[in-house]
Amino acid sequence: MDLDFSPEDETFREEVRTFLNDKLPPRLANKVRTGQRLSKEDMEEWHAILHERGWLANHWPEEWGGTGWSVMQRFIFELETAIAHAPRVVPFGTSMLAPVLIKYGSEEQCRHYLPRILDGTDWWCQGYSEPGAGSDLASLKTQAVREGDHYIVNGQKTWTTLGQHADWIFCLVRTSNEGKRQEGISFLLIDMKTPGIEVRPIKLLDGDAEVNEVFFTDVKVPVENLVGEENKGWTYAKYLLTYERTNIAGVGASIAMFERLKEVANTTYRNGKPLSEDPLYAARLAKLEIDLENMKTTNLRVLDAAGAGHAPVAESSMLKIRGTEIRQEMNDLMRRAAGRYAQPFIDEALDEGYNGEPVGPEWAAPVAGQYFNNRKLSIFGGSNEVQREIITKAVLEL
Amino acid sequence: MDFSIGEDRQMLVDSLSRYFADKADWKVREAAIASEAGFDRDVWNGMAELGVLGALFGEDAGGFGGSPFDIGVVFKEAGRALSTGPFLATLMAGKVLEAAGDADTLEGVISGEKILTFANDPAVSADGRPVDATTAAKSGDGWALTGQKGVVDYLGSADLIVVTAEMDGSTASFLVERGASGASTRDYPLIDGGSAGELTLSNTPAKLISDDAGAIDAAIAAGLVATSWEAVGVMEVLRDSTLDYLKTRKQFGIPIGKFQALQHRMATLALEIEQAWSAAINAAAYFDKDTATRDRYCSAAKFSIGQVGRLAAEEAIQMHGGIGMTWELPLSHYAKRMTMLGHVLGDDDLHLSRFIELSKAA
Ligand SMILES: Cc1cc2nc3c(=O)[nH]c(=O)nc-3n(C[C@H](O)[C@H](O)[C@H](O)COP(=O)(O)OP(=O)(O)OC[C@H]3O[C@@H](n4cnc5c(N)ncnc54)[C@H](O)[C@@H]3O)c2cc1C
């Protein structure tokens with residue numbers, strides 16, 4: 001066994017690092033590093049830089065503007081960009097919709113929508129969840145009724161991340177009430193500017209509004225916006241779940257955050273010594289580091305198997321669970337380090353250009369909010385309980 | 001042995017809980033946490049009228065209670081109602097005044113007329129190091145204080161501040177009045193509701209309360225008892241609302257509480273909260289023993305509520321799913337408060353270390 005990257009992969013890693021060095025705006029990296037809010041323009045700026053280099057949708061097939069990278073190269077790319085504190089690529093268009101379009105959509109749909117994702121013309125959001133359909137997604141009720149060459153859509157989606165910025169939403173809608181619930185669901189693309197759509201922000205516990213409710217009242221959607229066949233939407237949505245998710249564990253983001261955590265532990269004083277020398281805090285840090293190192297190798301093992309053609313199912317769930325747990329633990333250690341200074345809530349300090357005097361340690365302002373906000377990691381993308389159900393069924397065969 | 005809180009305290013609990021329900025419902029709290037002060041002054045004064053603040057202090061100090069259990073029951077109710085206001089600051093600063101026999105100053109506080117706060121911890125500077133301790137120097141007949149204190153509860157509303165400072169090599173307590181010369185403040189809201197501020201003193205005139213450092217330790221110990229009982233109140237609400245949700249939220253055609261995975265998690269949570277409640281009771285019950293015993297049980301309690309509190313907050317959100325993360329649902333505010341109580345007066349790590357040290361000495 002040998003855990004080193006191959007010489008080719010090392011060369012590739014250097015190429016990525018050079019690119020990041022040259023092209024990642026320090027302004028953006030600093031915002032990510034310090035936990036300031038990213039605006040829509042910030043995200044678009046980074047997308048455009050990646051697109052210029054041809055790396056925005058690196059996992060797409062080359063004919064549509066992808067790179068032809070191996071899974072390992074994609075992993076290295078994700079690792080290095082996260083370590084450099086690059087903004088995360090917004091996944092809805094590039095990673096959630098595009099693979100479905102490429103596999104199940106028409107040539108025409110691909111030709112129309114994919115370039116617009118790449119050049120930033122269309123911002124997409126994901127309309128799956130409903131108030132009554134969370135973990136039990138198949139119980140969704142938003143209805144699309146065919147009338148001539150249109151569907152008339154009525155219902156409500158919720159938790160729509162960044163829907164406030166979106167031009168388009170891809171939705172799972174009910175087109176039939178017969179047979180199994182899963183067999184009456186279709187995959188529909190809807191222009192957010194269509195009359196009858198209303199977006200209402202949901203304020204989360206940290207005070208931010210990144211998710212929304214989206215209401216549909218008699219919304220007219222052309223039938224050509226159906227992806228694939230009617231009543232096959234569940235298959236398409238599930239394809240995404242087995243679609244190789246190389247970055248589901250967020251190892252790169254965790255490594256970047258761990259570095260910052262170590263910095264903080266070395267410079268934050270409690271009882272006259274740095275936190276890193278407090279035996280209890282040091283033990284927490286060490287456990288986290290061990291878990292992260294283990295996770296890195298687990299992730300590489302899964303990637304290696306995926307490269308050899310094994311579709312990860314239970315493995316994806318394992319990576320999702322432990323990856324999110326590690327990130328949440330990291331947020332916990334950050335807020336602990338702040339001591340009582342986790343409590344002050346200086347909202348403006350999270351905005352770019354804030355130059356007020358920091359309250360307490362200069363890094364403390366966002367840490368409690370991030371801890372609370374990242375409770376979402378174990379809830380969305382299939383809750384960690386649902387992931388455990390998948391493992392139970394898929395590998396343990398219980 | 002007797003685990004009842006006693007008739008008088010039960011009456012206090014009942015009237016306080018009725019008062020919160022009538023006068024301080026969720027709407028009132030929302031307005032309060034959006035306000036600059038971070039609490040509702042009318043609610044506070046009404047509570048004072050009910051005698052709630054008097055319950056925190058003994059008769060000699062103008063109160064009618066003051067025992068750890070009196071303190072505990074008040075804070076537990078405040079926790080259940082998620083009430084914001086200078087409860088903890090009033091208690092700790094008030095205990096310092098009480099120990100020094102300063103009933104005159106306390107009178108205006110117990111009546112609600114004056115807001116009192118407690119400035120003990122040094123500020124932490126941008127580089128992560130605490131600033132030097134505040135010092136007291138003789139100035140004419142009185143004293144002058146210089147230094148910076150961090151995260152002082154409800155500083156913006158405080159008429160009176162009990163400040164700890166180094167005097168002749170030991171820690172003493174002083175009283176500083178609002179607007180005293182050389183005093184400046186920077187106020188901010190807190191993520192779990194309420195407000196606090198940074199206090200800078202520069203040759204600020206102050207009245208010596210006492211040079212008894214032990215009185216400050218005792219006040220902090222009372223604060224630990226209070227925080228532990230408050231935390232139990234918060235956790236009970238987290239537990240009960242989550243239990244309710246498990247019974248009513250349906251997925252896959254059945255209440256999610258039918259899933260064994262969640263049942264066992266809920267069972268663990270219920271068990272742990274009972275343990276935390278026992279820890280809080282211990283802290284109150286051993287309070288009047290020798291100081292080493294008192295401090296051991298206070299640290300045991302703060303450690304326990306830190307551990308269990310994190311579990312309760314995280315599990316409550318998780319078992320609610322997305323809705324548990326919303327501002328609109330009171331539960332998320334209980335979870336935030338619970339988490340932040342872990343940061344008040346030292347976290348579970350700090351109190352575990354302290355417990356180990358105190359046990360070695362015993
Ligand atoms: C910040 C955030 C952003 C989101 N963004 C999007 C988005 O952009 N688009 C979108 O479509 N959705 C989005 N979601 C929705 C997300 O996918 C759902 O929240 C998730 O599927 C859980 O559903 P729910 O919230 O209804 O919880 P519920 O399904 O009601 O679950 C409640 C609890 O029960 C547990 N549970 C449920 N079923 C079982 C079972 N069978 N066994 C054991 N435990 C079970 C859950 O794990 C959870 O702990 C987002 C959610 C959040 C919080």
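## Salt bridge between domains 1 and 2

A salt bridge is a side-chain nitrogen of Lys or Arg within 4 Å of a carboxyl oxygen of Asp or Glu. In this predicted model, one salt bridge is counted between domain 1 of chain A and domain 2 of chain A. The side chains of A:Arg37 and A:Asp208 form a salt bridge, with an N to O distance of 3.1 Å.

## Domain layout of chain A

Chain A is assigned domain 1 at residues 7-89, domain 2 at 122-231 and domain 3 at 250-396. Taken over C-alpha atoms, the centres of domain 1 of chain A and domain 2 of chain A lie 30 Å apart. Four residues from domain 1 of chain A and four residues from domain 2 of chain A take part in the contact.

## Buried area and polar contacts

About 390 Å² is buried between domain 1 of chain A and domain 2 of chain A, and carbon and sulfur atoms give 64% of this area. On the side of domain 1 of chain A, A:Arg37, A:Lys40 and A:Met43 supply 88% of the area buried against domain 2 of chain A, more than any other three residues.

Two residue pairs are in polar contact between domain 1 of chain A and domain 2 of chain A, both at pLDDT 80 or more. The side of domain 1 of chain A that touches domain 2 of chain A comprises one nonpolar residue, no polar residues and three charged residues.

## Annotated region of chain B

For chain B, an unreviewed UniProt entry places the feature "domain: Acyl-CoA dehydrogenase/oxidase C-terminal" at residues 225-353. Across residues 225-353 of chain B, the chain is 76% helix and 3% strand. The end C-alpha atoms of this stretch of chain B are 18 Å apart.

Key:
Residues numbered from 1 in each chain as written. Chains lettered and ligands numbered in written order. Predicted model: local features only at pLDDT ≥ 70, side-chain atom pairs only at ≥ 80, totals over all residues. Heavy atoms only, no water. Domains from an automatic or database assignment. Contact = heavy atoms within 4.5 Å. Buried area = accessible area lost by both parts, 1.4 Å probe. Polar contact = N/O pair within 3.5 Å; in protein donor to acceptor, adjacent residues only side chain to side chain. Nonpolar A, V, L, I, M, F, W, Y, C, P; charged D, E, K, R; others polar. UniProt positions renumbered as here; feature names shortened; annotations may be inferred. Helix = DSSP H or I, 4+ residues; strand = E, 2+ residues; numbered from the N terminus.
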